[in-house]
Amino acid sequence: MNILNNKKICFIGVGNMGNPMALNLLDAGCDLTVYDLDKSKALNLIEKGATFASSLKEAVSDVELVISSLPGPPQVREVILGDGGVLNLMKAGTTLIETSSSSVELAEEIAKIAKTKNINYLETPLSNAVD
């Protein structure tokens with residue numbers, strides 16, 4: 001049984017690392033919305049059934065799980081903690097899984113803020129997985 005089935009999932013950042021992970025979710029039958037600044041990076045995912053969101057707000061507005069895969073700490077800070085960032089848009093009780101290679105300090109900051117908003121947060125950094 002796939003615990004992700006029947007959950008609405010958003011994947012933010014579908015470049016070299018995020019795209020294969022998002023594709024695996026689609027192949028597993030997940031209901032997936034994707035967001036990237038460069039829509040062309042998501043075309044293969046859209047062709048497989050993903051919905052493309054035109055903004056972060058649209059991307060996370062009606063999902064239970066948000067997964068992000070971003071290039072580094074500056075992008076993580078902007079996308080997750082910025083004024084229009086994910087933690088300001090997600091609903092209480094939802095979950096954020098952050099897979100970007102970031103910094104310990106930033107991960108701790110995200111965890112602290114997520115806790116105050118009753119958002120579950122899991123840091124799962126990945127690196128050097130794609131040539």
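Colleague: How do the residues of the lining of the largest pocket divide into nonpolar, polar and charged?

Modeller: This is a predicted model, in which local features need pLDDT of at least 70, side-chain atom pairs count only at pLDDT 80 or more, and totals for chains, interfaces and linings use all residues. Residues are numbered from 1 along each chain as its sequence is written, and side-chain values use heavy atoms, with hydrogens and water left out. Ala, Val, Leu, Ile, Met, Phe, Trp, Tyr, Cys and Pro count as nonpolar, Asp, Glu, Lys and Arg as charged, and the others, Gly among them, as polar. On that scheme the lining splits into 10 nonpolar, 13 polar and three charged.

Colleague: Which helix gives the most to the lining of the largest pocket?

Modeller: Helices are DSSP runs of H or I with at least four residues, strands are runs of E with at least two, and both are numbered from the N terminus. With three residues in the lining, the top contributor is helix H4 (residues 73–81).

Colleague: What radius of gyration does the protein chain have, against that of a compact globule?

Modeller: The radius is taken over C-alpha atoms, and the globule rule is 2.2 Å times the number of residues to the power 0.38. The C-alpha trace spans about 35 × 35 × 30 Å along its principal axes. For 131 residues the rule gives a value near 14 Å, so the chain agrees with it at 14 Å.
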